[in-house]
Amino acid sequence: MNEELDSQLSAMFDDELPQAECELLALRLSRDRALQARWGRYAAIGAAVRGGDIRLGGMVAHEVSSALASEPLPADARERLQARGLTLARWWRPMAGAAVAASVAALSILWLQQNSLPASAALVARSTAPSTAPVEAPASYVVPRAVEARAMRMPATELANYVVAHSQFSTPVSRDSLLSALMASESAAVGAPEQAAGAAGDPDHHADDSP
Amino acid sequence: MSADVSDLSLVRRVQSGDKGAFDALVLKYQHKVTKLVMRYVRNPAEAEDIAQEAFIKAYRALAQFRGDSAFYTWLYRIAINTAKNAVVSRDRSPVDYDLDTQNSDESYELQGRMKDAETPEGLVLTDEIRTTVNAAMDALPEDLRTAIVLRELEGLSYEEIAASMDCPVGTVRSRIFRAREAIDRRLREVFEGGLGRAEELG
């Protein structure tokens with residue numbers, strides 16, 4: 001055993017150890033049986049030095065320890081432990097409420113997802129179904145997707161070239177209105193960048209425009 | 001150094017639910033309390049029973065101990081009251097220990113314990129222990145012997161011992177510790193040898 005520890009124990013036995021060290025050693029002493037045995041021998045040595053019979057009362061500690069084994073904790077300790085439990089309960093109560101609320105919310109979301117899943121799945125299946133399938137005609141007008149519209153639309157430049165090239169076979173009024181309509185539709189469909197490019201003039205287009 | 005600080009450290013541990021700390025308190029005071037009770041009852045076995053009862057009462061009442069007085073003062077008060085109550089109760093009892101009938105199991109057991117405490121081998125062992133302690137004390141260097149005597153017989157504090165021996169407090173602490181260790185070594189030899197011989201005799 002550590003000599004310094006034994007020296008501390010001897011000083012503690014005589015009430016001559018600083019309080020901070022005393023508290024640490026008391027913790028160790030309450031758990032370390034070997035240290036307790038040494039502590040008990042210091043008491044016996046004191047009794048012997050004073051001329052007493054060291055066997056007198058030597059078994060009291062053992063008897064008391066056995067008797068107290070089934071004894072409940074002192075009332076103060078019980079109260080402290082209960083208070084600690086109460087504090088924990090107070091701390092846990094709002095946490096438990098929040099946890100229950102979160103659980104209910106999570107369950108609700110899961111329930112909604114599960115219940116709405118067949119409908120959305122049917123929609124997906126319907127939208128991805130082959131065109132040959134006997135599908136009823138939609139009740140309302142369906143706007144085609146932008147990509148498809150762009151793919152099907154003839155480029156405005158080509159159309160304009162076509163109109164200009166064949167303008168000799170059309171009347172002036174219809175030619176103007178057709179050109180105006182083309183210009184309007186092109187600016188609405190293509191957007192500003194193309195408009196800007198058209199306004200600045202493309203050398204290739206000009207070359208194409210020339211007869 | 002505040003008095004009773006080590007006892008209070010242990011008491012606080014017991015009050016917070018640490019029973020092991022109470023074992024340490026009982027180990028420290030079992031000899032003193034039993035010797036105290038022996039002023040009221042002459043029978044060693046009865047004195048040990050009363051001491052045991054006093055410690056159990058102290059444990060149950062420890063929640064009320066606030067440290068206004070020293071722990072041992074409080075404990076001694078409990079022991080004295082327990083001893084007085086035991087004497088009163090025995091005096092009121094129609095059964096006398098000394099003139100007890102042989103058909104009472106409890107008194108028979110008590111008589112057996114009385115005999116055990118006063119067996120020849122027990123008395124021999126007691127004498128041997130006393131002789132050993134005296135021899136161990138005599139064998140100690142004078143500074144160690146003086147320190148342990150001033151502490152255990154006169155009850156002086158380390159500071160008072162340091163003043164009387166004209167040395168630092170740390171030196172006093174070391175001397176007392178070394179004196180205890182030397183006596184402890186001799187006592188352990190006697191206890192081991194003595195108990196072995198007692199078993200042979202039994």
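A: Helix 1 of chain A and helix 3 of chain A are oblique to each other, a class that covers angles left over once those under 35 degrees (roughly parallel), over 145 (roughly antiparallel) and 65 to 115 (roughly perpendicular) are taken out. Helix 1 (residues 3-13) and helix 3 (residues 33-49) of chain A pack at about 50°, and their axes are 10 Å apart. Axes here are lines fitted to C-alpha atoms, for helices over the stretch in contact, and angles run from 0 to 180 degrees between N-to-C directions. Helices (H or I, at least four residues) and strands (E, at least two) are DSSP runs, numbered from the N terminus.

This is a predicted model, in which local features need pLDDT of at least 70 and side-chain atom pairs count only at pLDDT 80 or more, while totals for chains, interfaces and linings use all residues. Residues are numbered from 1 along each chain as its sequence is written, and chains are lettered from A and ligands numbered from 1 in the order in which they are written.

The crossing of helix 1 and helix 3 of chain A is right-handed, meaning that the near helix is turned clockwise from the far one by less than a right angle, with anticlockwise giving left-handed. On the helix 1 side of chain A, A:Asp6, A:Leu9, A:Ser10 and A:Phe13 meet A:Leu35, A:Arg38, A:Trp39 and A:Tyr42 of helix 3. Contact requires C-beta atoms, placed from the backbone, within 7 Å. By class, five nonpolar, one polar and two charged residues form this contact between helix 1 and helix 3 of chain A. Ala, Val, Leu, Ile, Met, Phe, Trp, Tyr, Cys and Pro count as nonpolar, Asp, Glu, Lys and Arg as charged, and the others, Gly among them, as polar.

A further helix pair links the two chains. The axes of helix 4 (residues 60-68) of chain A and helix 2 of chain B come within 8 Å and cross at roughly 140°, which makes helix 4 of chain A oblique to helix 2 of chain B. Their crossing is right-handed. From helix 4 of chain A, A:Val60, A:Ala61, A:Val64, A:Ser65 and A:Leu68 take part, and the partners in helix 2 of chain B include B:Phe22, B:Val26 and B:Leu27. This contact has seven nonpolar, three polar and two charged residues.

Over the whole interface, 55 residues of chain B are in contact with 54 residues of chain A. Helix 2 of chain B gives the most to the side of chain B that touches chain A, with 14 residues. That side divides into 28 nonpolar, 13 polar and 14 charged residues.

Chain B itself has nine helices and zero strands. Of its 202 residues, 34% count as buried, that is, with 20 or more other C-beta atoms within 10 Å of their own, against 12 or fewer for exposed and values in between for partly exposed, C-beta atoms being placed from the backbone. In helix 3 of chain B, 13 of the 18 residues are buried. B:Ala83 lies in helix 4 (residues 71-92) of chain B and counts as buried because it has 23 C-beta neighbours inside 10 Å. B:Ala83 touches B:Val37, B:Tyr40, B:Val41 and B:Ile50, not counting residues up to four places away in sequence.

Technical notes: Two residues are in contact if their C-beta atoms, placed from the backbone, lie within 7 Å.
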